[in-house]
Amino acid sequence: GSAAHAAVMAALAGFNSVWAGDAAALLVFVAETARDGKPMVWAQYDTGQVAAHFTVQAHANGLSTHQMGGFDRAAVAAAFDLGTDFTPVTVMAVGELGDIRTASDELRARENAPRARRPIAESVLVDD
């Protein structure tokens with residue numbers, strides 16, 4: 001119900017805005033991509049590591065997480081008065097997993113749909 005929560009919700013794209021408001025918390029992971037006019041070339045990688053380790057810890061504590069790339073980065077930057085040296089990378093919903101029976105028909109259909117993953121051989125290059 002805070003102004004910060006409303007700003008993040010307003011920045012979410014499409015389907016994310018339908019369900020993410022029910023999460024206990026929405027976190028915005030932000031990379032410091034430049035400092036003193038010099039690019040911080042590993043900043044987004046490091047921010048991804050932070051998000052990954054946060055996810056592992058949250059799951060160890062019995063919480064669920066869901067990262068979202070579908071959001072308006074410029075709107076988040078404006079809402080939180082981020083300078084040009086800072087780049088919003090991802091938004092993560094965190095909380096207890098809800099009961100699928102209380103979800104909308106659209107969300108239940110998406111959650112219960114079969115998942116198709118690209119074969120690992122198409123993602124990893126191996127030199128024999």
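The model is predicted, so local features need pLDDT of at least 70 and side-chain atom pairs count only at pLDDT 80 or more, while totals for chains, interfaces and linings use all residues. Residues are numbered from 1 along each chain as its sequence is written.

**Overall fold**
- The protein chain contains five helices and five strands; helices (H or I, at least four residues) and strands (E, at least two) are DSSP runs, numbered from the N terminus.
- From the N terminus on, these elements follow the order α-α-β-β-β-α-β-α-β-α.
- Of the 128 residues in the protein chain, 25% are buried; buried means under 20% relative accessible area, exposed over 50%, and partly exposed in between (1.4 Å probe, protein chains only).

**Helix α3**
- Helix α3 spans residues 43-60, which is 18 residues.
- From first C-alpha to last, α3 reaches 26 Å, close to the 26 Å expected at 1.5 Å a residue; the expected span is 1.5 Å times one less than the number of residues.
- The buried residues of α3 are Ala43, Thr47, Ala51, Thr55 and Ala58.
- Seen down the axis of α3, these buried residues fall within an arc of 120°, so they line one face of the helix; the arc is that of the directions from the helix axis to the C-beta atoms.
- An α-helix has 3.6 residues a turn, so residues three or four places apart point the same way.
- On the other side of α3, Tyr45, His53, Val56 and Ala60 are exposed.

How values were computed. Side-chain values use heavy atoms; hydrogens and water are left out.
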